[in-house]
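Visitor: I would like to learn how to read salt bridges and helix faces. Please take me through a case.

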Amino acid sequence: MSGAPLISVEEYLANPTVPESEYIDGVLRPRSMPTSLHGIISYLFIVMLRGQGVRALAEVSIRPSKTRFLIPDLVADRQKIETPYPVKPVSLCIEILSPDDRRNAMLAKCEEFHAWGAPYCWVIDPVRQIAWEYHANSGPVTINRSDTLRAGEISISMEDLFTAVEAEL
C-alpha cells in the first residue's frame, strides 16, 4: 500500500465510495465487483442462517480498530449486531469469491477478522462449489459440496446451499 495517498477516517466516512472500498490505516482498499451468483449466495446464506435463529447481514462495514474498516460479504451472530459499524466481534464472517478475487487474499482477510476477535470465517467459491472453513488458531480446511460448513453451533450444508443456488439460476 506504500505510495497510496492517505485519507482520514472522516474523509473515508464522508466518501460516497465507502461501500466500494475498505479503509486500512489511511489507505482505501478496493473491493471486487460482485456478480449475480454472489448476490444469490448472499441471500441464501441470510435465509439459511436466520432459519437457525442467527442474525445475518450483508455488506456491513465492521470497525476492528480506529483506523480500519473492513467489509465482509456477510456477518452473522446469535446476538444483535452493533450499528452502524460493529466494533464488537461477531461470531462468523463470510466471504464469497468474485471472479477477480483470489482465495489466498480472502484467507488473509479472514486472518484480519480473527485478529478482530471473530472466531469463525468461511470463504465460498461459488464457481467450484467448494469452501474453506477457517477457525481462529487453526488453518483453513477445504469443505466440498457434500460436506457441511460449521461455526460453533451454526452449520450450513453445502449441498443444500448449492441445490438452492441452482434452483435460483
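Visitor: Is Arg68 buried, partly exposed or exposed?

Guide: This is a predicted model, so keep that in mind throughout. Arg68 is partly exposed, because its relative accessible area is 26%.

Visitor: Which residue forms a salt bridge with Arg68?

Guide: The general idea first. Side chains of opposite charge can pair when their charged atoms come close. Here the partner of Arg68 is Asp25, with 3.0 Å between the closest N and O atoms. Asp25 sits in the loop between β1 (21–24) and β2 (27–30), while Arg68 belongs to strand β5 (residues 68–70). The two are 43 residues apart, so this pair links distant parts of the chain. Asp25 is partly exposed, at 39% relative accessibility.

Visitor: What does Arg29 pair with?

Guide: Arg29 meets Glu112 in a salt bridge, at 3.2 Å from N to O. Arg29 lies in strand β2 and Glu112 in helix α3 (residues 103–116), so the pair ties together parts 83 residues apart in sequence. Arg29 is partly exposed, with a relative accessible area of 22%.

Visitor: And Glu95 with Lys109: where do they lie, and are they buried or exposed?

Guide: Their side chains form a salt bridge, 3.1 Å from N to O. Glu95 is in strand β7 (residues 92–96) and Lys109 in helix α3, 14 residues apart. Both residues are buried. Buried here means under 20% relative accessible area.

Visitor: How many salt bridges are there, and which residues are linked in a network?

Guide: The count is twelve. The network links Glu22, Asp25, Arg29, Arg68, Glu95, Lys109 and Glu112.

Visitor: Now the helix. Which residues of α4 are buried?

Guide: Start with the geometry. An α-helix has 3.6 residues a turn, so residues three or four places apart point the same way. In α4 (residues 158–168), the buried residues include Met158, Leu161, Phe162 and Val165. Viewed down the helix axis, the buried residues of α4 fall within an arc of 85°, so they line one face.

Visitor: What covers the buried residues of α4?

Guide: The cover includes one helix, α2 (36–50). Strands contribute too: β8 (120–125), β9 (130–135), β10 (141–143), β11 (148–151) and β12 (154–157) are among the covering elements.

Visitor: Which residue caps the N-terminal end of α4?

Guide: Ser157 does. A side-chain oxygen of Ser157 lies 3.3 Å from the backbone nitrogen of Glu159.

How values were computed:
Residues numbered from 1 in each chain as written. Predicted model: local features only at pLDDT ≥ 70, side-chain atom pairs only at ≥ 80, totals over all residues. Heavy atoms only, no water. Salt bridge = Lys/Arg side-chain N within 4 Å of Asp/Glu carboxyl O. Helix = DSSP H or I, 4+ residues; strand = E, 2+ residues; numbered from the N terminus. Buried < 20%, exposed > 50% of the residue type's maximum accessible area, 1.4 Å probe, protein only. Arc of directions from axis to C-beta. Contact = heavy atoms within 4.5 Å. Polar contact = N/O pair within 3.5 Å; in protein donor to acceptor, adjacent residues only side chain to side chain.
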